[in-house]
Amino acid sequence: MTMTRDFKETVKERAGRDPAFAKALLDEAATLFLNGEPHTARLILRDLVNASLGFESLAAETRRPSKSLHRMLSEKGNPSMDNLAAIFGAVRKQLGVSMKAEAVSAG
């Protein structure tokens, strides 16, 4: 049987060493959220937090308990808009990027 690496570990490692990949994950999480797929957006954002600043730093930056942040970004999490904005803001700051939403024609 062939050994395979855990997907989450692969994503974490790549996002940690490849700033362009980390930025692409942030962009994808925001796009998914804005297009009505919050479940997948939360999971990508969770992986990105693990790869970039970590939950303890995120807790300090957002002034929210680490355990609460873990729950918010879990499969069944349901962060408020304020909490989600704080999380996106902390990750943006860590990556040194700003974000801009753009509406495009569907189809």
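**Charged side chains in their fold**

Tutor: Of the contacts in the protein chain (heavy atoms within 4.5 Å) with a separation of 6 or more, 56% are between residues 24 or more positions apart. This is a predicted model, in which local features need pLDDT of at least 70 and side-chain atom pairs count only at pLDDT 80 or more, whereas totals for chains, interfaces and linings use all residues. Residues are numbered from 1 along each chain as its sequence is written, and side-chain values use heavy atoms, with hydrogens and water left out.

The secondary structure comprises six helices and zero strands, where helices (H or I, at least four residues) and strands (E, at least two) are DSSP runs numbered from the N terminus. The radius of gyration, taken over C-alpha atoms, is 14 Å, close to the 13 Å that the globule rule (2.2 Å times the number of residues to the power 0.38) gives for 107 residues, so the protein chain is as compact as a globular protein of that length. Of these 107 residues, 39% count as buried, a term that means under 20% relative accessible area, with exposed meaning over 50% and partly exposed in between (1.4 Å probe, protein chains only).

Turning to the pairs themselves, side chains of opposite charge can pair when their charged atoms come close. A salt bridge requires a side-chain nitrogen of Lys or Arg within 4 Å of a carboxyl oxygen of Asp or Glu, and the count by this rule is two. In one of them, Lys-93 is joined to Glu-61, with the closest N and O atoms 3.1 Å apart. This pair links distant parts of the chain, since Lys-93 lies in helix α6 (residues 81-95) and Glu-61 in helix α4 (residues 54-62), 32 residues apart. Lys-93 is exposed, at a relative accessible area of 58%, while Glu-61, at 38%, is partly exposed. The other salt bridge is formed by Asp-18 and Arg-14, whose closest N and O atoms are 3.2 Å apart, and Arg-14 is partly exposed, with 36% relative accessibility.

Asp-47, in helix α3 (residues 38-51), also deserves attention: Asp-47 is buried yet has no salt bridge, and the nearest side chain of opposite charge, Arg-46, is 4.0 Å away. Leaving aside residues up to four places away in sequence, Asp-47 touches Lys-8 and Val-11.

Key: Lys, Arg positive; Asp, Glu negative; His and termini not counted.
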